[in-house]
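Please open the model in a viewer and keep the selection tool at hand.

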Amino acid sequence: MAGISIEQIADDMYQLVAESAGQKKLKSTDLTKAMTSKYGDQVSKQDCKAAIKLLIDSGRCVYGYFGGSSIELPHKEASAN
Amino acid sequence: MSTTTERRTDIGPPHYEQFLHPLIKKNYGQWKYHEVLRPGVLSHTAESGDVIYTVRAASPRLISTNFGRKLTALAAKYADGYLRFTSRNNVEFLLANKDNIDPLIKELEEFTLVGGTGRSITNVVHTQGWVHCHSSATDASGLVKVVMDELSDYFTSMKLPHKVRLAVACCLNMCGAVHASDIAILGVHRTPPRIDHSTLPNLCEIPTTVASCPNNAIRPTSIEGRSTVKVDEDKCMYCGNCYTVCPAMPLSDPLNDGVSIWVGGKISNARTEPMFTKLAIPYIPNNPPRWPEVTDAVKNIVEVYAKNAKPFERVGEWIGRIGWPKFFDLTGIEFTKYHLDDFRHAGTTYKRSLQNRY
Amino acid sequence: MSDDLKTPLLDELEKGAWPSFVKDLKSMADKKPMVKDLLGQLEKSYADKRGYWKHGGLVGVMGYGGGVIGRYSALPDEFPGVSHFHTMRVNQPSGWFYTSDALNELFDIWDEHGSGLLNVHGSTGDLVFLGTVTDELEPTFRALTAKNWDLGGSGSDLRTPSCCVGPARCENACYDTLALSYDLTHNYQDELHRPMFNYKYKIKMSGCPNDCTAAIARSDMGIIGIWKDDIQVDQAAFAEYIDSEMDIQGSVVDKCPTGCISVEGKEIKIDNSNCVKCMHCINTLPKALRVGKERGAAITLGAKAPIVEGALFGSVMIPFMDMSNFEDMHDLIDRIWEFWDEHGKNRERIGECIERIGLATFLEGIGLDPVPQMVKQPRDNPYIFYEEYFEEEEEA
Ligand code: HEM
Ligand code: HEM
Ligand code: HEM
Ligand code: HEM
Ligand code: SF4
Ligand code: SF4
Ligand code: SF4
Ligand code: SF4
């Protein structure tokens, strides 16, 4: 069943984050739900967790926090002068 | 040995066992009873007959490593190097040797107070305030300091009807969870956020900002063609939730920010069930550095309680027995329209019987 | 003290019996420009009656989404030392037990990398390192992990679990709070460090219904020790209380909420079938009375502060759970998170989620049966949505 690789999921997630940048902040669960609706049971929650970890650890995405944690593109410290 | 370049993650905290006094390790789970030898000093006796002594002292919670190193030095000197902190920011030294109690207390009293056990006012649960938080309506460390200066006698003694728990939270977020304390001081904003329409469109997501408001007071709008938000001032309860999500909606207002005072909450299940605090005083202006109106108000409530409550009655239990009209009467606190709930389920707070004291 | 730092208002807080944080902070101000500017900004707050901090969004250590709170001064030109002033939450050991050596090591790290100021402890339980700059976050983290410390939670994640002193020094402990806290913290490192929930999830553990960690008020999930069988009585010790000056009738018998205590001669009798485990008699007569032997824990769910939907106490979800192993607890937590993941909304705590969806639906979702211990009383309104009913003439 494990048809989709973690890398593939991570790439898809990155795409989503990039597309919604500046419009909507996506959470872990949003990404996971998007993947399960796209690939059905070809992806598991564990796969999605691993993919998010990959995105973060590789530095392609970072965690953000404004009233709730989100996954975002890296950018300059928001409130810093 | 790990090399200096290896990056470790997800290791969690160290195992607590290495921090337990040998007497505690030996008698773990085998404690038989405890006694409060005097204010701030406990003894715990184990089935084995072993006894461990605890000396409890106040910390201001916000400390420097200088203060911290004084504590660790005293622990090394008197407590075989073992100490812990309580859920209310007190420090406890764990002593195997009874003879060390007096010299330890003597050294502690050079820079702090020993007490906080039994029927006392122990340390104050509190939050960050102007020292560190963006949404505070008042300072927390300063309020704790001035209130406890006034009440320190109750920290070092055990003469109240029962324990009185104080808490300070500097805004409605209540990071310190004040809402179940005997007496709580809560910072309040009283005016709606001021919206900076020039920066809002860049700084904030409109849908998230709109959704952040618990009262649906925020609506999307557009000003000079730029999307921004507006606040329905009749619906806003100044909770600051929007500001946390959207920095372009600051809430601080030196003229109108201040504190409110709440009474009668409790956590423990002893005798009566846990209770929320209820409003006693809706608003006192900020008056730093020593907030005299606040310390007077708190002291008054404590003293009226001390005089009128029966042994073992917490503040909320005492008020439960005498009724709210009498509470306002005895304390001289004015009952106003702000004491009437108008939030969700307000009706549950209305009197539905004629059982009143006149 | 530096000459150029004038703090007439804060100086007022050096007076009085209670230990003064101002005095303490000043003792650091010469060593640390950061502390000096913190005092400067705080003095300004005292003068202007308002805070000067900005909310920080995006700082942390690599790979983690929690454990660091970004904070920036709104007046960076005036107070450059605190232009960045981030907090790091260091995951405390179970029961807040330390040795002097271990704490001194932590102080060394913080003196080197940060302001040297801390909170003992934050309301969630962590040892809070208060104030450093973005560039020092990663080096501090490395220094911490080198000494076997790690960061706690913040954001929409599992917050750092915390527990009372429990069996380490309390005769009331009905289960091993320290061990469970350690176990959960380690078992859920991923959930702690990588925010994947709708909102925060706090777990607090108290060993008995005295609830010294305020689990019922301050945690989404409270695990509170409780016993099922009889209160253990040492009649000889009770007789000593009788012989002392103590007013047993007024202080104990009359205070029992269910009136289940009586005294015959020098013997105490407890109708344990009516005892509600309130702890009052045990607290008052610690030498004579002890919690029973058949011990476990009750699970409460849903406490939270007023934001967003109004505050809630936790409510009883499981009246009694065996605590001799922690497997069932992992299983329960996993099921709750699964449900919350599926049905919760953004920024909706578990308590709010249960209220919105209905307790019955939630119980069905996580596979628990309804029991009367979960409610104060059955419903008193007749608006019941029946799911089981007979279709007309179905069987005809
Ligand atoms: C005789 C019965 C009791 C015993 C043996 C007892 C024991 C303890 C112990 C060992 C601590 C330190 C816990 C920790 O920090 O982990 C503690 C703290 C605390 N307990 Fe209890 N407790 C008793 C009754 C109560 C009751 C009835 C209440 C509430 C009404 C209560 C509320 C608290 C609170 C708020 C703290 C934090 C205290 C502080 O830091 O000064 N306790 N208690
Ligand atoms: C504006 C009004 C309120 C004020 C000033 C207030 C104040 C506080 C304070 C000071 C605490 C910290 C308690 C502690 O030290 O343990 C607290 C916590 C709490 N309050 Fe309130 N409260 C308010 C409204 C409410 C309401 C309406 C409810 C529920 C119906 C509520 C429920 C709670 C709960 C459950 C906690 C513990 C929350 C947690 O830690 O997550 N509060 N509140
Ligand atoms: C929507 C609600 C809340 C918001 C927006 C919020 C926001 C914040 C912020 C900004 C801080 C950082 C303060 C600082 O160090 O500068 C903080 C700290 C903290 N919050 Fe909250 N908070 C909320 C609710 C709560 C609740 C309900 C609790 C606990 C019951 C809580 C517990 C804490 C704790 C333990 C800290 C660490 C600082 C301390 O111990 O004083 N928060 N919160
Ligand atoms: C299954 C649903 C209910 C039924 C079958 C029911 C039936 C009745 C009946 C037969 C009476 C006596 C009327 C009379 O004396 O003329 C009554 C009275 C009353 N009902 Fe209900 N009722 C129901 C639900 C409720 C609910 C939900 C409420 C309020 C929350 C309510 C409030 C009252 C009140 C206030 C009275 C007058 C009581 C009195 O005279 O002492 N009823 N109801
Ligand atoms: S209670 Fe409010 S102002 Fe105080 S630390 Fe928490 S969020 Fe900040
Ligand atoms: S302060 Fe609170 S009630 Fe007022 S608009 Fe902001 S979120 Fe809504
Ligand atoms: S909650 Fe109970 S077991 Fe834990 S320290 Fe308090 S009295 Fe002891
Ligand atoms: S624990 Fe409470 S309910 Fe039970 S016998 Fe003692 S006083 Fe009564």
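A salt bridge is taken here as a side-chain nitrogen of Lys or Arg within 4 Å of a carboxyl oxygen of Asp or Glu. The model is predicted, so local features need pLDDT of at least 70 and side-chain atom pairs count only at pLDDT 80 or more, whereas totals for chains, interfaces and linings use all residues. Side-chain values use heavy atoms, with hydrogens and water left out, residues are numbered from 1 along each chain as its sequence is written, and chains are lettered from A and ligands numbered from 1 in the order in which they are written.

**Stop 1: chain B against chain C**

Select chain B and chain C together. In this pair, 110 residues of chain B are in contact (heavy atoms within 4.5 Å) with 111 residues of chain C. The two chains bury about 9900 Å² between them, 60% of it on carbon and sulfur atoms; buried area is the accessible area (1.4 Å probe) that two parts lose on being put together, summed over both. Now highlight B:Arg7, B:Trp130 and B:His132: in chain B these lose the most area to chain C, together 8% of what that side buries.

Seven salt bridges are found across the interface of chain B and chain C. Select C:Arg290 and B:Glu47, whose side chains meet in a salt bridge at 2.7 Å, N to O.

Select residues 141-155 of chain B. This is helix 4, which gives the most to the side of chain B that touches chain C, with nine residues. Helices (H or I, at least four residues) and strands (E, at least two) are DSSP runs, numbered from the N terminus. By class, that side of chain B has 54 nonpolar, 37 polar and 19 charged residues. Ala, Val, Leu, Ile, Met, Phe, Trp, Tyr, Cys and Pro count as nonpolar, Asp, Glu, Lys and Arg as charged, and the others, Gly among them, as polar.

**Stop 2: strands that pair between the chains**

Select residues 62-64 of chain B and residues 117-120 of chain C. Strand 4 of chain B and strand 6 of chain C run antiparallel and are joined by three bridges; two strands pair if DSSP finds at least two bridges between them. B:Ser64 has C:Leu117 as its bridge partner.

**Stop 3: a salt bridge within chain B**

Select B:Lys299 and B:Glu150. Their side chains meet in a salt bridge at 3.2 Å, N to O. B:Lys299 lies in helix 8 (residues 292-308) and B:Glu150 in helix 4 of chain B, so the pair ties together parts that are 149 residues apart in sequence.

**Stop 4: two domains of chain C**

Colour chain C by its domain assignment, automatic or from a database: domain 1 (8-146), domain 2 (162-228 + 294-374) and domain 3 (232-290). The C-alpha centres of domain 1 and domain 2 lie 30 Å apart. Domain 1 and domain 2 bury about 1000 Å² between them. Select C:Tyr64, C:Ser94 and C:Phe97, which supply 39% of the area that domain 1 buries against domain 2. Zero salt bridges are found across this interface.
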